Amino acid sequence: MNTDSQQSTVEFLAPKVPSRIPSLDGLRAVSIALVIAGHSADSLNAPHFLNYFSHLGNLGVRCFFIISGFLITTLLLKEHEKTGGISMRGFYTRRALRIFPPSLTYIGIIAACYALGWITLKPGDLAHALTYTMNYRYNPAHWFRHLWSLSVEEQFYLLWPGLLWLAGRRRGMKAAWVVVIADPAIRAILWFGFHASDSAMTKHFEAIADTLATGCLLSMNFNRIGATRWYQRFQSSRLFWIVSLGLVLGGDGLYAVNPACFYVIGQSVANLGTALCIDWSIRNFGRGVGHVLNWRPIVYIGVLSYSLYLWQNAFLNPDWNAWPTKLPTNILLASGMAIASYYLVEKPFLRLKRFAMPGNRKTV
């Protein structure tokens, strides 16, 4: 086999990682911590300084998206290696068991509170929540506002697995590169040509698809870049964290300087830095930051992150002027509801996922 063939084979093999990918739950914990820190400014009697951290919520959600792109692509590549193909039925069964029970439980409880007259929703909110199109809903009630990210995830699930299934891994990777390269131009057209809202620039699928595509590309190139000597030296140097965190903070920091620059190019810059941090954490899970991310209490927060994300918006809620939205009571209540959701709803359905796994093998 010649060098080019060897490189191509390495490039398209599934990432060489354990079935339970190291650091992933810890990274989810960091992501949800950023979201809660950003949303805490909405708490009743929140100190004024928290307003300076409100933008962290956007960064936290983008971390979730890159992790999702990496994880979903890794699972699909592993399935292709194991079975020679991708079972679309199996994929959507697993995703349905993972996503729908906790989210529909949350939506159902909020809808019941609305029917009882305890809270207020806007016309159309419930329809957008149930159809996972909240990312195209302008100014919904706060109870459902955070569901935009779940909508983006569902739209990603509808497109990416089918693309890999129909086009193959090589063309799929080319398509992901096109999205990463073209999305800044798309955002520029939306901002300057159509005067898109701030919400559209960070929530519409066409405006943030490159975040998910960045995670997909990290998965598809994981083995190749890991075998590259210059990258190995870069990861082991102090310069790595200066560059990676500089990209994250610099890209996100553009929002305070010039929102248009942040929306158009800053998000892409921050995505690159975030992907580098995620990659280092997975490869170096036994030392430094990687060791902390795999510490049991941090992992537990990551395990709860999905339910915690669902419930935090109900209590970090400026539309509900009552004691449950006061710091730190609201965070404790959100955590309690997340724990209940995980053990009573999420975990029982997760046990069923093993029946939809390729060869019934347990994976992430």
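# Cysteines and rings, question by question

Student: How do you know that Cys-216 is too far from the closest cysteine sulfur for a bond?
Tutor: A disulfide is a pair of cysteine sulfur atoms within 2.5 Å. The sulfur of Cys-216 is 16 Å from the closest cysteine sulfur, in Cys-63, so a bond is ruled out. This is a predicted model, where local features need pLDDT of at least 70, side-chain atom pairs count only at pLDDT 80 or more, and totals for chains, interfaces and linings use all residues. Residues are numbered from 1 along each chain as its sequence is written, and side-chain values use heavy atoms, leaving out hydrogens and water.

Student: Why does Cys-63 count as buried?
Tutor: Buried means under 20% relative accessible area, exposed over 50%, partly exposed in between (1.4 Å probe, protein chains only). Cys-63 has 11%, so it counts as buried. Cys-216 is buried too, at 1%.

Student: What makes Phe-240 and Trp-241 an edge-to-face pair?
Tutor: Rings of Phe, Tyr and Trp (its six-membered ring) pair if their centres lie within 6.5 Å; planes under 30 degrees apart count as stacked, over 60 as edge-to-face and the rest as tilted. Here the centres are 5.3 Å apart and the planes at 85°, so the pair is edge-to-face.

Student: Why is Trp-241 called partly exposed?
Tutor: Its relative accessible area is 25%, so Trp-241 falls in the partly exposed range. Phe-240, at 0%, counts as buried.
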